[in-house]
Amino acid sequence: MLEDLTTASSPAPWPAAYPQGYAVVDVETTGLARDDRIISAAVYRLDARGEVEDHWYTMVNPERDPGPVWIHGLTTEVLEGAPLFQDIAEEFSDRLADRVLVAHNAVFDWSMIAREYARAEREAPVRQRLCTIALSKELGLPLPNHKLESLAAHFGVVQQRAHHALDDARVLAEAFRPSLRAAARDGIRLPLLECRPLKEWSESPAAPRIGRQPGSGGHASSGYPSGGYPSGSWRPSRKRPACPYPNPGRYEADKPLKQGMRVAFSGDTSVDRELLEDRAVEAGLHVATSLSRLTSLLVTNDPDSSTSKVVKAKQFGTPVIDEAAFGQLLRDVTPASEK
């Protein structure tokens, strides 16, 4: 039990700038795409120093095929009697309100939650999120990879039911507490990111994007509401201004990105691809539509796929990272003027 691992509070002073409470979250879903649905959710509420206050779990009827049952174990028969998301939205809100959302690869959990709230014509009460992958990097933890099981093993946490939302949230809460205390002890600034709720949702081809509400600077000239593009595999090309910075070469592991680097994307992303590309351009990176020997970095969540970009990256020795790692690197891109 999580409570059995409670230890004495960390010595004062505790960083005054740290949040006053956390909601450690895990959601299981029908898949990774924009139109996929949440099928179960769990929340462990923690106080300012990471002590457990309570926990909550629910299954959710996705009103569609449950997706990879062999991963999450939730069949159509199991889910058909579960509540719809709009039926649990208020209680979910109570668990999230006035807290920082904590998750492993938090951009994915947040994106799925924001979309579900938008479908229910509500707004998720989340203003900041913290990714435990980013925190483990800030702490310099000697992890072999960024999987939850590796983080759990580092802190001696036993995982009982992988890909079960309640157990994954418990494991993450147990690993987050010592991480939080280590950060407080060393005076490390927590890697908090802003959460911009989705204000509208439509299952039509013009579904809005996370963080881009009407009037927030979307590409209105595209002819689609809020600057969105039709969902699906096809989308019109977007003519971007040329990157003003020279290509500094390939990305090197454990070093920051640098303005001018050529970045290519491959496969599905939990954040809308266009939004990721926009963020990359705003940071001063060159978004490449194809992969060549000049490409600095390939971003993909499936490095073992056989897409042309992944195959070429292996041939050319192009560095490959996942979406979560790329999101964290975007927080601190080195200016082109710096060596």
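**Reading loops and cores**

Mentor: Start at D254: it is exposed, with a relative accessible area of 81%. Buried means under 20% relative accessible area, exposed over 50%, and partly exposed in between, with a 1.4 Å probe and protein chains only. This is a predicted model: local features need pLDDT of at least 70, side-chain atom pairs count only at pLDDT 80 or more, and totals for chains, interfaces and linings use all residues. Residues are numbered from 1 along each chain as its sequence is written, and side-chain values use heavy atoms, with hydrogens and water left out.

Trainee: Where is the place of D254?

Mentor: First, the elements. Helices (H or I, at least four residues) and strands (E, at least two) are DSSP runs, numbered from the N terminus. D254 sits in the loop between β6 (192-194) and β7 (262-266). Its phi is positive, about 70 degrees, although D254 is not a glycine.

Trainee: Is D98 buried or exposed?

Mentor: D98 is exposed, at 78% relative accessible area. Its loop runs between α3 and β4. D98 is not a glycine either, yet has a positive phi of about 60 degrees.

Trainee: Which residues touch the most other members in the largest nonpolar core?

Mentor: A nonpolar core is a set of buried Ala, Val, Leu, Ile, Met, Phe, Trp, Tyr and Cys residues joined through side-chain atoms within 4.5 Å. The largest here has 32 residues; V25, I38, F85, F92, L96, I113 and Y117 touch the most other members. α4 gives the most to this core, eight residues.

Trainee: What is L96 in contact with?

Mentor: Contact means heavy atoms within 4.5 Å. Leaving aside neighbours within four places in sequence, L96 contacts A23, V25, V43, L101, Y117, P125 and V126.
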